[in-house]
Amino acid sequence: WLTDTAEVLRALGKDPSLTSRTDIWDAVMRRLAERPMTGYGYAAFWGKDSVPADTIRAETGWIVPSAHHGWLDLLVQIGWPGMVF
């Protein structure tokens, strides 16, 4: 029982998806896979009229303002070369 992280979190009264953040992270990684080398542009991904961000919002069912993960936010904006640099 203690080796099942989700069960341990539930027993502690916590959401194993980290309040749906893991759903957001999965969706962000799918968008990143579409543009791994260039990203979507710095400060452009989460814009109000952003089609990729709207896709994530539709997938998660709420108006997601960010990836709730600093590294993923930056990665989806500037791509892998930007992160390495």
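Modeller: What follows is a close look at helix 3 and its packing against helix 2.

The model is predicted, so local features need pLDDT of at least 70, side-chain atom pairs count only at pLDDT 80 or more, and totals for chains, interfaces and linings use all residues. Residues are numbered from 1 along each chain as its sequence is written, and side-chain values use heavy atoms, with hydrogens and water left out.

Helix 3 spans residues 51-60; helices here are DSSP runs of H or I, at least four residues long, numbered from the N terminus. Its buried residues (under 20% relative accessible area, 1.4 Å probe, protein chains only) are Pro52, Ala53, Ile56 and Arg57. These lie on the same side of helix 3 because they cover an arc of only 145° around the axis, taken from the directions from the helix axis to the C-beta atoms. An α-helix has 3.6 residues a turn, so residues three or four places apart point the same way. On the other side of helix 3, Val51 and Ala58 are exposed, that is, over 50%.

The buried residues pack against helix 2 (21-34). The two helices pack at about 145°, with axes 10 Å apart; axes are lines fitted to C-alpha atoms over the stretch in contact, and angles run from 0 to 180 degrees between N-to-C directions. The contact (heavy atoms within 4.5 Å) involves Asp23, Ile24, Ala27, Val28, Arg30 and Arg31 of helix 2, and Pro52, Thr55, Ile56, Glu59 and Thr60 of helix 3.

As for the ends, a side-chain oxygen of Ser50 comes within 3.2 Å of the backbone nitrogen of Ala53 at the start of helix 3, a polar contact being a pair of N or O atoms within 3.5 Å, one able to donate a hydrogen and the other to accept it. Just after helix 3, Gly61 has a positive phi of about 80°.
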